[in-house]
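Hi,

Here is the structure I said I would pass on.

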Amino acid sequence: IFYQTTMMSSHTLRVLSSIAVRSSRAARHSTCNVTNITRAAFSAQPAAHDKPLTPGIGLGKTSTGLVGLDVDHDAVPKMITKYQALLDKLAASDMPPTAQYRINVEKIARYRIAAAQENLDDPEKVEELCNCGQVEELVVQADNEMKVMDMYLRNRWWELVKPVDIEYNPSDEDGGHGDVEWGDTPDGEKK
């Protein structure tokens, strides 16, 4: 701006300044009082019906403390929407209800939806109940899970998981796997 004004003639500068003076006079004499509007709209004082803002908590939160993750005061409703989308996608898929991935995702999504619905106005309580980060992170987790689910459904990975028989009371001390403690040698192999 400085470079441009130094290149203008003195006549141009006088014309511009007179326009600025006239517009400021017109603004002072208008019926709309801009000062009161800006004070009411941008006041640091809370409105009479609002709770006072506490720095770092609720609407007073200004930073997540995580690089690249901005504060989102609408994160709790977004959580509900995104986790419900996960449940809807699972319901519309041909993945069997017995697939462990489906079982895990459904449990997590339902729990987080319930926590968010019960505490719409208290994101700190949602964070405490979910115990997996800030609400902004929970929204990102839902987005990431949707990407994983798309891959899982596209590749039909539940078909690759085979059931495993687990022996709960093995007859051998080592479970029949030939495992030995470090330093021990098997009976037949003496050095």
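**Gln-134 and its surroundings**

Let me start with Gln-134, which touches Lys-61, Thr-64, Leu-66 and Glu-127 once residues up to four places away in sequence are left out. Keep in mind as you read that this is a predicted model. You will find Gln-134 in the loop between helix 6 and helix 7. Is Gln-134 buried or exposed? Its relative accessible area is 17%, and the cut-off for buried is under 20%, so Gln-134 counts as buried.

**The nonpolar core**

Next, the largest nonpolar core, which has 26 residues. Met-79, Tyr-83, Met-95, Val-126 and Met-149 are the ones with the most contacts inside it. Which elements give two or more residues to this core? They are helix 4 (75-92), helix 5 (100-118), helix 6 (123-130) and helix 7 (135-155). Helix 4 supplies the largest share, eight residues.

**Helix 4**

Helix 4 is 18 residues long and runs 26 Å from its first C-alpha to its last, close to the 26 Å expected at 1.5 Å a residue. The buried residues in helix 4 are Ala-75, Val-76, Met-79, Ile-80, Tyr-83, Leu-86, Leu-87 and Leu-90. Why do they sit on the same side of helix 4? Because they cover an arc of only 145° around the axis. Turn to the face pointing away from that buried side and you will see the exposed residues Thr-81 and Ala-92. As for what covers the buried residues of helix 4, that includes helix 5, helix 6 and helix 7.

**Val-76 and Val-126**

Val-76 lies in helix 4, and it counts as buried because its relative accessibility is 4%. Leaving out neighbours within four places in sequence, Val-76 is in contact with Ala-116, Asn-119, Leu-120, Pro-123, Val-126 and Val-135. Take Pro-123 from that list: Val-76 and Pro-123 are 47 residues apart in sequence, yet their C-alpha atoms are 6.6 Å apart in space.

Now the view from the other valine. With neighbours within four places in sequence again set aside, Val-126 is in contact with Val-76, Met-79, Ala-115, Ala-116, Asn-119, Val-135 and Leu-138. Ala-116, Asn-119 and Val-135 turn up among the contacts of both Val-76 and Val-126.

Cheers

Methods: Residues numbered from 1 in each chain as written. Predicted model: local features only at pLDDT ≥ 70, side-chain atom pairs only at ≥ 80, totals over all residues. Heavy atoms only, no water. Core = buried A, V, L, I, M, F, W, Y, C linked by side-chain atoms within 4.5 Å. Buried < 20%, exposed > 50% of the residue type's maximum accessible area, 1.4 Å probe, protein only. Helix = DSSP H or I, 4+ residues; strand = E, 2+ residues; numbered from the N terminus. Contact = heavy atoms within 4.5 Å. Expected span 1.5 Å × (residues − 1). Arc of directions from axis to C-beta.
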